[in-house]
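Morning, everyone. I have one structure to walk through today. Please have a look at the sequence and the model first.

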Amino acid sequence: QVQVVESGGGLVQAGGSLRLSCKITGSVITRTSMGWYRQAPGKQREMVAYMGDDGNTNYAESVKGRSTISRDSTRRTGWLQMSRLTSEDTAVYYCNVRGYIGGVRYAEEWGQGTQVTVSS
């Protein structure tokens, strides 16, 4: 089993920055991709940033140029750095991890989410 835990959310002033963390615990997982998603009240969950197993990244247009997704060499910890925050960034942020346990069994897990609130 794989568990995913996010941290780093909170209240941030408009124009400020934050860094969210995503930690993978449990079974060893390989060919790992990690994505950050967010869901604002009354809206659908949307992709914010994604990093594939090969390291390629993809960002939503709304955060491109002011956000960076990264991970450590173990690929069991990842981060989402965001700057120039606005009220539009207020949402619950979720980490999504996909990969293969033991290199064979596909696994996909979501974290419980971390609230980010941007105050104007």
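Predicted model: local features only at pLDDT ≥ 70, side-chain atom pairs only at ≥ 80, totals over all residues.

Start with the cysteines. The count comes to 1 disulfide. C22 and C95 form the disulfide, with their sulfur atoms 2.0 Å apart. What is its handedness? The link of C22 and C95 is left-handed, with -80 degrees about the S-S bond. C22 sits in strand β3, residues 18-26, and C95 in strand β9, residues 91-101, so the pair ties together parts that are 73 residues apart in sequence. Are these two cysteines buried or exposed? C22 has a relative accessible area of 0%, so C22 is buried. C95 is buried too, again at 0%.

Now the core. The largest nonpolar core has 29 residues. Which of them touch the most other members? That would be W36, L80, Y93 and V97. Several strands give two or more residues to this core: β1, β3, β4, β5, β8, β9 and β11. The largest share, 5 residues, comes from β9.

Take Y93 as an example. Leaving out residues up to four places away in sequence, Y93 touches E6, L20, W36, Y37, R38, V48, L80, M82, G113, T114 and V116.

Last, the hairpin. T68 stands opposite Q81 in β8. How many residues lie between the strands of this hairpin? There are 5, and R75 takes a positive phi near 65 degrees.

That is my tour. Over to you.

Technical notes
Residues numbered from 1 in each chain as written. Heavy atoms only, no water. Pairing = 2+ DSSP bridges. Helix = DSSP H or I, 4+ residues; strand = E, 2+ residues; numbered from the N terminus. Disulfide = S-S within 2.5 Å. Buried < 20%, exposed > 50% of the residue type's maximum accessible area, 1.4 Å probe, protein only. Core = buried A, V, L, I, M, F, W, Y, C linked by side-chain atoms within 4.5 Å. Contact = heavy atoms within 4.5 Å.
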